Amino acid sequence: MLQRCEACGAFAYPAREACPSCLSPDLAFADAPRGGVLLAETTARVPSDVYFRERVPWRIGLVKMDCGPTIVAHLHTDCVEGAPVRMSLQLDKSGQAVTFARPEGETPNMADDRQWREMTADPKFRRVLVTNGRSVIGQEAVVALKAAGAKTVFVGVAEPWRPFAGEDLLRRQEGVEVVTLDAADEKSAADLAADIGGKVEILVNTTEYVRAGGLLDRKGTSIARDEIDQAYLGFINLAQAFGPAMRMRGADGINNSVAWVNILSVYALANWPAFGAYSASQAACLSLSHCLRAELRPGGIKVMNLFTGPVDTEWFQTVPPPKVAPRAVAQAIVSGLKNGLEEMYVGDVAEEIRQRLAANPKALERELDR
Amino acid sequence: MTNSQRTPYDGIVMAAPVTIPYVRYSIESAQWWIGRALGALVAQAGIKASDIDGLCVSSFTMGTDSGIGLTQHFGLCVRWLDTIPLGGASAIAGLRKAARAVQARDADIVACVAGDTNHVDSFRLTLENFSRFNQDAVYPYGAGGANASFALIARNYMRTFGVSREDVGRIAVAQRANALRNPHALMKTPLTLEQYLAARPISDPIHLFDCVMPCAGAEAFLVMREETAASLGLPAARLLSTIERHNAFADDPMQVRGGWAMDVGELYAMAAVNPDDLDIVQTYDDYPVITMMQFEDLGFCRKGEGAEFVRAHDLTIDGDFPHNTSGGQLSVGQAGAAGAYLGLVEGLRQVLGAAGPTQVRNARLGLASGFGMINYDRGLASGAAIFAGPSR
Ligand SMILES: [Zn+2]
């Protein structure tokens, strides 16, 4: 994304208020071609910034974009002066969007680059806690994270003596450790954190509690209470148990904590009356996630929210397609972590709601009522 | 578009070069340093503060204060006032404005002054607040100010023209030799080329002795008409010509030349002198590679011949090309915006024969240059002035 002049088409960087080619004030952010050439590089060894001082040597360079501007960028180690690079915007540890230059083509072990890993939360080599292994999404997440090279995946299961579907597969995988966790239970979360809290580098909150129904078709608050207990208070329990240690370990060498992932219903953004109370519990979790993001930022921990439409699981059985396959959610978790994203929309429904919310929120509210 | 003929600076002079000796860290404010410089100007010129009717100020660390606030602070009642925020180009730009003000008789005596303090944390604060482009496009990259930005320029320049670190180092080493004769230089130990080369890397290819040391200090001079100086009995240097340019060569993908290259013909034509005629040269040396660029852009050699030029000349006070005779910012220290003034003020002392231990014999004709405001990928401002002492 760069500013492009609507009058003459020139791209501008850094962001400004008037086009340097024609002085037009009509500059809008647009997708810019990502190609460029690395003009010069330097390796900063004594930066004044405390963050980089702990991470020296740190390579940056000046990239001449094919579309015009020159841009200072963080460099992938395989970038060579005079050679083409591809630029992307990444969120750094402080949550600021920064440019990152990678070589144009694939190079071996490209994702293992030290500076790239600082910008992202790649699960490779890392230890991950998936909070709910009873759910299909949780089980798929374990498989996807292992496939992405996670060193260890802890997977939480409440009352592990009770058998559940997929248990065998889960327990058979190497590098997967089933641990006792009932997120809705404060003590359970605290006990697990006391045991493995210092080892969790990525936490994937797969807590899910989906029940159909809005307000008037239900009697009393017992289901709503369960929804709040499981999703909202469960989130709080997890955050209080694991958040402080993760925040403290954000700069812990190569075994540092890097990310917290929430899987949220896209109806957190706009209430779907057919699952109205559930939508509200998800909205509460979304709000909480912003609080968590702010509180984890000083430790450089990213909070990634993954929004999905109805997932192809038993609780959405009555809902017609399109539905999101649990495997797609799991793959999105991995790809979001690899790219260091803060937000992802998985599946057509989530993407459509995102777009319609941006275009006309009142119309969306009305249409969800059908 | 060609420039129309500029009005010559006939009868415009500079006098009373003032340097308030630098310190590494100061608990005083920028205003304190500026006040000391004004006091020294008045004392040296033998005038009253009330005789100053024009004021031109530059500083990075004045906080929210501006030139107008300073008038009240120092009890000055001026009829011409300017605040110049052009970093390393502030002295040349200030001189140009002041010269025209006294020429047009908008003012009779303009005090040009720059001063900055250096608290233990002020360098970092200056970096963080340098410019919006800098905040958006440089600070998040850990560059932490100019070192990495200049490293990119230096690397590209050195590779393009086959310049080695030894070549660049000659400039720094010669300036250190000059500084050893300047009791006010913060760097007091000799520097050999071997030491220069062995210094620790800061941001490749910038190493420790390529960097200036931030410090506190102030510099100042007066601008007036020749007859004013004569009536005060003040030795004065005539201003022969100046140039100033901003955002030159914006289409160069990387900076290999500054705005001087655009205006250098006019600089010498207006002064009616040649580069060879100059007795002393004071370049803006925030990094020695920028000085090498100036040797080319100011016409002492052609583009790409800077390295050969420094190999062929002795840049020390007693050498064949006396350059940055006080030791320059590299060896005296960089007192914020006063760094812009350092070369010009030393140049004035030289042509007035008042440079004391750093005096070049028979220095009559001098050049000082400025360079400033690295915004995110290049220095935007450049300027230069040629001036002559009374004996020429
Ligand atoms: Zn335009």
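How many of the residues of chain B score a pLDDT of at least 70, and what does the chain average? Chain B averages a pLDDT of 93, and 94% of the residues score at least 70. This is a predicted model, and for the complex the predictor gives an ipTM of 0.82 together with a pTM of 0.84. A word of care goes with any such model: where pLDDT is low, the predicted coordinates should not be read in detail.

**The two chains**

Let us take the chains one at a time. Chain A holds 10 helices and 15 strands. Its radius of gyration is 22 Å, which agrees with the value near 21 Å that a compact globule of 370 residues would have. Taken along the principal axes, the C-alpha atoms of chain A fill a box of roughly 65 × 50 × 30 Å.

In chain B, the secondary structure comes to 14 helices and 11 strands. Chain B has a radius of gyration of 19 Å, close to the 21 Å from the globule rule for 392 residues, so chain B is as compact as a globular protein of that length. The C-alpha trace of chain B spans about 55 × 45 × 45 Å along its principal axes.

**Where the chains meet**

Now to the interface. On one side are 32 residues of chain A, in contact with 26 residues of chain B. About 2600 Å² is buried between chain A and chain B, and carbon and sulfur atoms give 56% of that area.

Which charged and polar pairs cross over? Three salt bridges are counted between chain A and chain B. In a salt bridge with an N to O distance of 2.5 Å, the side chain of A:E81 meets that of B:R155.

Several strands of chain A take part: β4 (35-44), β5 (58-65), β6 (70-75) and β8 (97-103) each supply at least two residues of the side that touches chain B. β4(A) gives the most to that side, with six residues. Sorted by class, the side of chain A that touches chain B has 16 nonpolar, eight polar and eight charged residues.

**A salt bridge within chain A**

Over all chains, a search of the whole structure finds 35 salt bridges. Within chain A, A:R297 forms a salt bridge with A:E342, and the closest N and O atoms are 3.9 Å apart. What does this pair tie together? A:R297 lies in the loop between α7 (276-296) and β14 (302-308), and A:E342 in the loop between α8 (326-339) and β15 (343-346), so the pair ties together parts of chain A that are 45 residues apart in sequence. As a general point, side chains of opposite charge can pair when their charged atoms come close.

**Backbone details**

| Cis peptide bond | Omega |
|---|---|
| A:Y13 to A:P14 | near -10 degrees |
| A:P321 to A:P322 | about 5 degrees |

Where do these prolines sit? A:P14 is in the loop between β2 (11-12) and β3 (27-30) of chain A, while A:P322 is in the loop between β14 and α8 of chain A.

Chain B has a backbone detail too: B:N247 is not a glycine, yet has a positive phi of about 55 degrees. B:N247 is found in the loop between β8 (236-246) and α10 (260-271) of chain B.

Terms used
Residues are numbered from 1 along each chain as its sequence is written. Chains are lettered from A and ligands numbered from 1 in the order in which they are written. This is a predicted model: local features need pLDDT of at least 70, side-chain atom pairs count only at pLDDT 80 or more; totals for chains, interfaces and linings use all residues. Side-chain values use heavy atoms; hydrogens and water are left out. Contact means heavy atoms within 4.5 Å. Buried area is the accessible area (1.4 Å probe) that two parts lose on being put together, summed over both. A salt bridge is a side-chain nitrogen of Lys or Arg within 4 Å of a carboxyl oxygen of Asp or Glu. Helices (H or I, at least four residues) and strands (E, at least two) are DSSP runs, numbered from the N terminus. Ala, Val, Leu, Ile, Met, Phe, Trp, Tyr, Cys and Pro count as nonpolar, Asp, Glu, Lys and Arg as charged, and the others, Gly among them, as polar. pLDDT is the predictor's confidence in each residue, from 0 to 100. The radius of gyration is taken over C-alpha atoms; the globule rule is 2.2 Å times the number of residues to the power 0.38.
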